[in-house]
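Okay, thanks for coming, everyone. Let me put it up.

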Amino acid sequence: MPRPQYCRNPACPCAYDPPPGWLARAGTYATRAHGTVQRYACKRCGKGMGDQTESMHYYAKRHLDLDEIFSRVRGGSSLRDIGRELGCSRTAVANAVVRLGRQAMACHVDLLSSLELPGKLVFDGLVSAVTSRDYPSQIQTLVNRSAELLLAMTHYVGERGGPRTGKQRERIEQKRALWRPQPGALSESIRLLVNELPRFVGRGKIRIDTDENRLYTSVINADLAMRWYRQTQQLTVVQTPSTVPRTTSNPLFPVNYVDRMIRHRMREHTRESIALGQNSTMQMLRMWIFAWDHNVRQPYRVNDRHCSCRAIEAGARVALVTRLQREFMSRRRSLRRLQVPESMRQVWLGRLATPPVHWRKGQRTIGPALRQYALLDLRFARPAG
Ligand SMILES: [Zn+2]
């Protein structure tokens with residue numbers, strides 16, 4: 001169990017820069033889930049903490065095998081399947097997925113803050129669905145060209161277009177009484193991604209590759225930072241038709257490759273899937289688990305088991321990657337002094353738009369509950385902007 005590294009009181013100086021010996025032992029207490037837990041108090045402000053405070057299992061009713069759940073989620077198993085295998089409820093597994101997804105985001109932010117990447121980026125939308133085919137979702141992914149590192153993702157869920165039968169129309173009308181997508185939500189999700197794009201490149205030229213989607217051009221043209229890059233002749237946008245063969249020489253190869261891995265590895269995104277995600281936030285938490293695995297746990301080239309991961313290939317320090325990996329399943333990564341992009345905050349806080357699941361019964365929203373501790377974790381991050 002990890003001993004706290006920081007004070008949990010946001011107003012205390014030890015919350016950011018604790019001096020050596022800031023923590024005093026203050027007895028123990030017994031828990032059913034985690035056994036005997038050591039308690040501490042901050043010598044500066046008196047705030048009480050325990051060995052569980054920074055743990056990945058904090059506030060969990062049961063000590064689940066997070067390693068196992070991570071691998072199974074990444075392998076595409078459903079919550080119910082995992083629960084059956086591990087002998088626990090679907091809700092307990094969902095709770096673990098939320099923890100792992102947030103941890104993946106926190107570690108991602110930490111990792112990316114230390115990287116200086118070249119300005120060559122590729123982005124595209126992966127079409128999937130939430131709850132049913134009536135609600136197609138689109139996950140915009142931003143990928144770095146040289147190492148196919150997955151950098152940022154935004155989420156959109158809309159309604160199915162095209163011709164419908166009378167019965168389908170009736171069903172859609174009933175569902176609409178409960179939920180409908182916000183007008184312009186798709187371009188808003190692209191706007192968010194474009195807005196966050198400059199944080200991933202050092203100073204210098206940017207080249208963006210996309211497909212011929214007109215929304216992309218209009219969003220890029222409207223973005224203030226992108227305009228500045230263009231006016232100073234530092235921006236090149238190249239659009240490649242989706243009809244161009246998807247070979248390695250295709251400029252969209254990095255993002256096509258990532259899309260293929262997502263569809264291959266995660267059952268909810270395989271074409272014609274019958275195991276669709278039930279909630280947008282959960283869908284994105286799983287995507288972040290995938291992203292962490294893709295960036296840090298998988299080798300850069302699949303047929304070469306000895307090569308390093310994409311993060312190291314892209315220039316991340318081996319020591320940092322090793323530490324993040326070593327502590328991933330045990331200690332919640334601190335967001336202190338890190339800037340969490342808006343797209344991630346939305347996932348962390350469970351604010352993504354999501355269609356109702358049990359719409360006949362009139363259910364409005366579902367999704368992971370946001371616990372106080374997770375809210376406090378996010379509060380230690382640098383404000384957005
Ligand atoms: Zn304190």
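So, H3 crosses H9, and the handedness of that crossing is left-handed. This is a predicted model, by the way. H3 is residues 90–113 and H9 is residues 280–297. Their axes come within 8 Å and cross at roughly 55°, and the two helices are therefore oblique to each other.

Who's touching whom? On the H3 side you've got Ala94, Val97, Val98, Leu100, Gly101, Ala104, Met105, Cys107 and His108. They meet Met282, Leu285, Arg286, Trp288, Ile289, Ala291 and Trp292 on H9. Sort the residues of that contact by class and you get 13 nonpolar, two polar and one charged.

Now bring in H1, residues 66–74. How does H1 sit against H3, and how against H9? Take H3 to begin with: the axes of H1 and H3 come within 10 Å, crossing at roughly 85°, so these two are roughly perpendicular to each other. In this contact, Leu66, Ile69, Phe70 and Val73 from H1 meet Val93, Ala96, Val97 and Leu100 from H3. By class that's eight nonpolar residues, with no polar and no charged ones.

Over to H9. Here the axes of H1 and H9 come within 9 Å and cross at roughly 100°, which makes H1 roughly perpendicular to H9. From H1, Phe70, Val73 and Arg74 take part, and they meet Arg286, Ile289, Phe290 and Asp293 in H9.

Let me zoom out to domains. The chain is divided into domain 1, 1–55, and domain 2, 56–379. Their centres, over C-alpha atoms, are separated by 33 Å. The contact takes eleven residues from domain 1 and 14 residues from domain 2. On the domain 1 side, that's five nonpolar, four polar and two charged residues.

Last thing, confidence. Mean pLDDT for the chain is 90, and 96% of its residues reach 70 or more. Where is confidence lowest, and where is it highest? It's lowest in helix H4, residues 166–176, at a mean of 84, and highest in strand E6, residues 150–157, at 96.

Technical notes
Residues are numbered from 1 along each chain as its sequence is written. This is a predicted model: local features need pLDDT of at least 70, side-chain atom pairs count only at pLDDT 80 or more; totals for chains, interfaces and linings use all residues. Axes are lines fitted to C-alpha atoms, for helices over the stretch in contact, and angles run from 0 to 180 degrees between N-to-C directions. Helices (H or I, at least four residues) and strands (E, at least two) are DSSP runs, numbered from the N terminus. Angles under 35 degrees count as roughly parallel, over 145 as roughly antiparallel, 65 to 115 as roughly perpendicular and the rest as oblique. A crossing is left-handed if the near helix is turned anticlockwise from the far one by less than a right angle, and right-handed if clockwise. Two residues are in contact if their C-beta atoms, placed from the backbone, lie within 7 Å. Ala, Val, Leu, Ile, Met, Phe, Trp, Tyr, Cys and Pro count as nonpolar, Asp, Glu, Lys and Arg as charged, and the others, Gly among them, as polar. pLDDT is the predictor's confidence in each residue, from 0 to 100. Domain bounds come from an automatic or database domain assignment.
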